[in-house]
Amino acid sequence: MYKNGRVSHWIEQVNTMPMLNQIKLPDTKQDLVIAGAGLTGLWTAYYAKKKYPNWKITIVESQHVGYGASGRNGGWMSTLLPGNGAVYAKAARNAGKDGQAEVSRLQRAVIDSIYEALDVMKMENIDADQQQGGQLLYATIPAGLQRIARARKSALKLGYREDEIKNLSKKEINQQVDVHGSIGGIKYAHTVSLDPAKLCFGLRDSLLDMGVSIIEQTSVEEIDKGLVKTSRGPIITDHIVSALGSYTPSLQASFSGLGDRALVPINSSMIVTNKLSDDVWGSLRWDNGQCLMDASHAFIYAQRTSDNRIAIGGRGTPYKFASGFSGDGRVDSQTVKGLSDKLQSMFPRLEFEVEHTWRGTIGVTRDWCAGVFYDETNKVGVARGYAGHGITSTHLAGKTLVERMSGGEGELSKLIWNDHQSGRWEPEPLRWIGIHSMYRLLGFADTYEEKRELRETSLIARFAGKIAGVAT
Ligand SMILES: Cc1cc2nc3c(=O)[nH]c(=O)nc-3n(C[C@H](O)[C@H](O)[C@H](O)COP(=O)(O)OP(=O)(O)OC[C@H]3O[C@@H](n4cnc5c(N)ncnc54)[C@H](O)[C@@H]3O)c2cc1C
């Protein structure tokens with residue numbers, strides 16, 4: 001029987017440090033208090049402390065470092081934009097700017113962020129099993145291949161260079177990973193696979209060495225100018241950053257980027273297999289740290305872990321009524337079966353067992369675009385809404401927030417995701433009905449397209465995309 005929940009396989013493997021919950025709340029005024037010790041909070045603290053070594057910085061975390069999506073994810077530090085390029089471009093055009101140029105700038109910043117994050121990890125001796133094997137996106141039916149071709153064409157217009165997103169034939173895909181049924185795809189060059197919990201804990205250790213205070217098992221309940229109210233009392237501070245990911249709506253405050261229906265927590269679930277033998281890996285040819293993703297609407301994401309397992313994730317039960325969270329991450333058996341069946345269909349001869357399953361929530365805004373906000377008058381910053389493309393984005397957001405706290409004169413503060421307004425989700429029960437209908441339709445569209453070997457994306461999927469507010 002597999003382990004279920006317990007935050008994640010990654011956390012279970014490395015969470016050996018006692019809780020940082022005995023630390024006293026600071027009784028002197030802080031320069032910066034950050035709510036949330038996920039990767040956004042950790043990177044923000046890192047860049048703030050680097051820029052201002054004398055600053056007193058406290059991170060307040062309701063559970064423990066990496067408890068949220070940052071310690072549960074698929075471990076892809078990817079180049080994918082944390083939002084819809086077309087939506088960002090429209091927002092830029094509405095502001096009188098060149099949409100294509102603005103999105104391209106954001107895309108280049110995301111790509112640069114991977115290299116900067118890798119440099120920091122090297123400098124700080126953070127070993128998170130990082131391996132830059134790129135990202136394979138493959139199709140099994142012509143409609144999938146057509147979607148990939150469209151995605152590539154659009155990516156080339158919006159910041160990628162030809163050599164960063166290469167077409168691969170069926171044979172070339174199978175030379176990289178011998179996945180069943182592929183008819184071709186593309187490879188994104190820069191993507192890094194890593195162990196997300198090791199990254200969180202590595203950053204935590206560096207921050208503790210640098211003198212940042214991290215207080216666990218303490219919730220931020222409310223923020224106001226210069227004041228953070230926690231479950232253990234108030235903290236007075238100059239700057240405040242909300243880095244709560246999908247938990248953002250739980251914070252009482254009305255600053256830009258926050259609020260009741262600013263985003264919804266959507267589930268993503270994962271399984272990890274037993275350790276596979278060298279013979280098995282020999283037959284799968286999955287040797288260079290490639291991240292693997294298919295072009296179905298209910299897509300999956302997978303990596304070979306450093307200890308020779310396959311970790312694969314995808315959608316399960318998408319959303320809990322009234323924006324409920326995933327707790328410690330228990331997964332229903334139907335979702336585990338769905339992910340196991342998917343893995344088996346990718347590698348029909350593979351014999352494996354599921355050893356651990358878990359889920360987490362991604363924070364999704366109404367237009368599926370992330371935003372970074374900074375209120376200069378009240379000195380409150382917010383970053384949220386990266387959906388499933390958060391690992392690289394947390395780094396870029398952290399750096400951007402520090403630049404904005406410092407006057408916002410640099411290039412990062414001009415990127416199009418700054419102050420991007422996404423609108424609000426509908427009230428319940430409309431929200432639940434809309435999200436569940438969208439996911440059902442996307443699952444149905446996959447089956448429909450596969451059975452008929454469609455050459456083009458079905459109308460069903462296009463309709464689901466319209467409900468979601470994303471283009472398909
Ligand atoms: C299963 C899964 C797979 C994913 N795979 C990938 C992937 O492969 N690649 C990728 O780029 N992205 C992926 N993502 C998305 C990515 O993990 C997130 O976008 C990113 O980690 C968000 O980081 P964060 O720091 O903003 O939020 P979080 O990591 O969620 O951190 C928020 C923190 O705030 C804490 N908190 C909550 N409420 C309070 C409060 N009131 N007071 C104090 N603290 C509080 C939480 O405990 C948590 O630790 C995945 C997500 C999931 C769930």
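**Helices H3 and H4**

I looked up the crossing of H3 and H4 and found it right-handed. A crossing counts as right-handed if the near helix is turned clockwise from the far one by less than a right angle, and as left-handed if anticlockwise. The model is predicted: local features need pLDDT of at least 70, side-chain atom pairs count only at pLDDT 80 or more, and totals for chains, interfaces and linings use all residues. Residues are numbered from 1 along each chain as its sequence is written.

I noted that two packed helices are described by the angle between their axes and the distance between the axes. For H3 (residues 85-94) and H4, I read an angle of about 125° and axes 8 Å apart. H3 is therefore oblique to H4. Angles under 35 degrees count as roughly parallel, over 145 as roughly antiparallel, 65 to 115 as roughly perpendicular, and the rest as oblique. The axes are lines fitted to C-alpha atoms over the stretch in contact, and angles run from 0 to 180 degrees between N-to-C directions. Helices (H or I, at least four residues) and strands (E, at least two) are DSSP runs, numbered from the N terminus.

**Tyr115**

Next I checked Tyr115, which lies in H4 (residues 99-123). Is Tyr115 buried or exposed? Tyr115 is exposed, because 12 other C-beta atoms lie within 10 Å. The cut-offs are 20 or more for buried, 12 or fewer for exposed, and partly exposed in between, with C-beta atoms placed from the backbone. I also looked at Thr377, 262 residues apart from Tyr115 along the chain; their C-alpha atoms are separated by 33 Å.

**Strand E19**

I turned to E19 (residues 380-384), where five of five residues are buried. Val380, Val382 and Arg384 cover one side, and Gly381 and Ala383 lie on the other.

I found Ile240 opposite Val380, and Tyr374 opposite Gly381. The hairpin of E18 and E19 has four residues between the strands, and Lys379 there takes a positive phi near 60°.

**Ligand shell**

Last, I counted 43 residues around the ligand, with Gly38, Gly68, Gly245, Gly360 and Gly390 the closest. Near means a C-beta atom, placed from the backbone, within 6 Å. Elements supplying at least two shell residues each include H2 (39-51) and E13 (263-273).

Note on methods:
Two strands pair if DSSP finds at least two bridges between them.
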